[in-house]
Amino acid sequence: MPLRNTTQRWGAVAQLLHWTIVALIITQFTLATLFDDLPPGAKKLALLARHKSVGITILMLAVLRLAWRWTNPTPPLPDTLKPWERSLARLTHALLYVLLFAVPLAGWTMSSARGFPVSWFGLFTLPDLVPKNKALYEVLVTTHGALAWTLGVVAIVHMLAALKHHFVLKDDVLRRMLPLTSNKTQGSGR
Amino acid sequence: MRILIGGAFVVTLLALPTVFAQSPGAAVTAATPHYALDPAKSSLEFTFMQAGAANKGHFKRFQVAFDFSAENLAASRLDVTIEMSSVDTGDQERDDTVKGADLFAVAKFPQAHFAASQINRTAAGYEAVGKLTIRGVTRDASVPFSFRTATENGVAVGYMSGKTSVRRLDYGVGQGDWKATDQVANEVAVSFALRLIPH
């Protein structure tokens, strides 16, 4: 599999970034669910620290991903899409990219507003994005959560669309993002 | 003759401790200033690593009694009492956690105490050698500090500052899950800058 994208398929780098981010987002929802139920204590602190480190990792991968997308060909949407489907796909993808930045940034800002510096796996400490501000913190708790759930919902829509392409429309949209597969057809669509 | 010499020697030996014991004692009343804390212009801070990032806290209430004369270190002493419930890490929830039974346990151990009756001169300044008690555990501790006086409105005010570190687990600060040092490091940096008023 080539590293770079072609006009038919996503390359290895784009696939690795895509699926790593998928795994990390699932990790984030799992960690958040786990620590939300815990009273303040060492265990909660450990899970929160992990959540922050993973979140910053997602933010870093999102930067790489966008940079990679801008410097690579993008496999086009299939020709079979109706104009509204095409618009919906574009909107979904744009939202996903925006949220990949917005959710971790809101979390990072929220931590700064609380007065808790964010460390990346204990290896380095990130700068505080805002000074300590209790009221802002309260707003950002809600914002971070709402953005995360929006990301979850949009990601599910994205996933359902991919499954529809694969099982109903039987095109290459999902296959071209999967490793160890090849496109059934040549060209950008059918 | 032998007996006489021997007798004089014994007398001298017996007299020596008395001489040594009395001369510093006399100097205390004569020359060693006694200082008390100016709380408004003093700080006792600590920096701890939480989840890999440095976090700061301080104590709002503590008392200091300091007898100090650079010319008479033997008569100098330092006594610090910290009100543990006055801990402020800038976060109410965290303060409540820190005051809880597994960490400071302020209900059972309301104060920490450092008592140093030995002040030594060092290359960089001085060190106070004594006993530090936190959470009911007493250990030997040595705290380096610098001291200077400044005449302000005709009063020789003292400024004392220094940095040291405390391993929290040596004093049982961290029971249960808090014994782990991956989230909250064992080493806690302590720094102080005190304004001391003679009285």
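**Exercise 1. Work out how strand β1 of chain B pairs with β4(B), and which residue in β4(B) partners Tyr35(B).**

Solution. Start with the strands, which are DSSP runs of E with at least two residues, numbered from the N terminus. Strand β1 of chain B covers residues 34-37, and it pairs with β4(B) in the antiparallel sense over three bridges. Pairing here requires that DSSP finds at least two bridges between two strands. Next, look for Tyr35(B): its bridge partner in β4(B) is Phe66(B).

A word on the model: it is predicted, so local features need pLDDT of at least 70 and side-chain atom pairs pLDDT 80 or more, while totals for chains, interfaces and linings use all residues. Residues are numbered from 1 along each chain as its sequence is written, with chains lettered from A and ligands numbered from 1 in the order in which they are written.

**Exercise 2. Find the strand joined to β4(B) by six bridges, and the residue opposite Ala65(B).**

Solution. Follow β4(B) to strand β5 of chain B, residues 77-83; the two run antiparallel. Then pick out Ala65(B), which stands opposite Asp79(B) in β5(B).

**Exercise 3. Sort the side chains of β4(B), residues 62-67, by face.**

Solution. On one face of β4(B), Phe62(B), Val64(B) and Phe66(B) are buried (20 or more other C-beta atoms within 10 Å of the residue's own, with C-beta atoms placed from the backbone; 12 or fewer is exposed, in between partly exposed).

Conventions: Helices (H or I, at least four residues) and strands (E, at least two) are DSSP runs, numbered from the N terminus.
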